[in-house]
Amino acid sequence: MFSISNKDAVEFLGSIDTGPSSNYIITDPPYGNIDSPHYEGQLKDPVLSSAYMESFSSACFLKATGTFLFCSLHQTEEWSNALRNAGYEYVRTGVWIKPNAYWVPTPYTGGALEGFVYACKTRNDGTHSRIPAYVCSYGGHLKDGEEKHPFRKPVPLVRQVIRDLNVRGKNI
């Protein structure tokens, strides 16, 4: 598993040797939440330009059979188009519902929903119709020495995504 800043994500993807096997990318690029009072200083998300989204999507296409990308709800169409323009087949847009989001959803506020887009090079493996909307509580326990991060995805959520994509044993 790699963790890098968005500034060098495209360069990083170009530098890794993925080998001949099937690879999948599960990623959570910045959402550009520049107007939120909850994210200031180092927590402030940069706004990704359309050109950057296209470049990132193309880098993913060169390295991976499929890309599962978390994004804000208002970015789903732009990311879907960028992944399609890179050569992927669009498969699914959906949501992750966070029942215990700290914005107390009633019924759901923007902070309680995040979008995702999944695209792949081929849709013939039969897994794509099984990708649901995800319901998973936010957070979880941190390991000793692990830094709290407001954008962290819960391990159970990522495990479920891997199971639903049927990519267990592949390079992710």
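Asp28, Glu114 and Lys153 are linked in a network of salt bridges, a salt bridge being a side-chain nitrogen of Lys or Arg within 4 Å of a carboxyl oxygen of Asp or Glu. The structure is a predicted model, in which local features need pLDDT of at least 70 and side-chain atom pairs count only at pLDDT 80 or more, whereas totals for chains, interfaces and linings use all residues. Residues are numbered from 1 along each chain as its sequence is written, and side-chain values use heavy atoms, with hydrogens and water left out.

By this rule, the count comes to 2 salt bridges. In one of them, aspartate 28 pairs with lysine 153, the closest N and O atoms being 2.8 Å apart. This pair links distant parts of the chain, 125 residues apart, since aspartate 28 lies in the loop between strand 1 (24–27) and helix 2 (50–63), and lysine 153 in the loop between strand 5 (134–135) and helix 4 (155–165); helices (H or I, at least four residues) and strands (E, at least two) are DSSP runs, numbered from the N terminus. Aspartate 28 is partly exposed, with a relative accessible area of 28%, whereas lysine 153 is buried, at 14% (buried means under 20% relative accessible area, exposed over 50%, and partly exposed in between, with a 1.4 Å probe and protein chains only).

Glutamate 114 also forms a salt bridge with lysine 153, and here the closest N and O atoms are 3.0 Å apart. Again the pair links distant parts of the chain, glutamate 114 being in strand 4 (residues 113–120), 39 residues apart from lysine 153. Both glutamate 114 and lysine 153 are buried. Not counting residues up to four places away in sequence, lysine 153 touches Asp28, Tyr31, Phe70, Trp96, Glu114 and Val158, where contact means heavy atoms within 4.5 Å.

The nonpolar cores were examined next. A nonpolar core is a set of buried Ala, Val, Leu, Ile, Met, Phe, Trp, Tyr and Cys residues joined through side-chain atoms within 4.5 Å. The largest has 18 residues, of which Leu13, Phe56, Cys60, Trp79 and Tyr88 touch the most other members. Two or more residues each come from helix 1 (9–15), helix 2, strand 2 (66–71), helix 3 (76–86) and strand 4, and helix 2 gives the most, with 5 residues. Leaving aside its neighbours within four places in sequence, leucine 13 is in contact with Ile25, Phe56, Ala59, Cys60 and Lys63. Apart from this core lies another, of 15 residues, among them Phe68, Leu157, Val161 and Val167.
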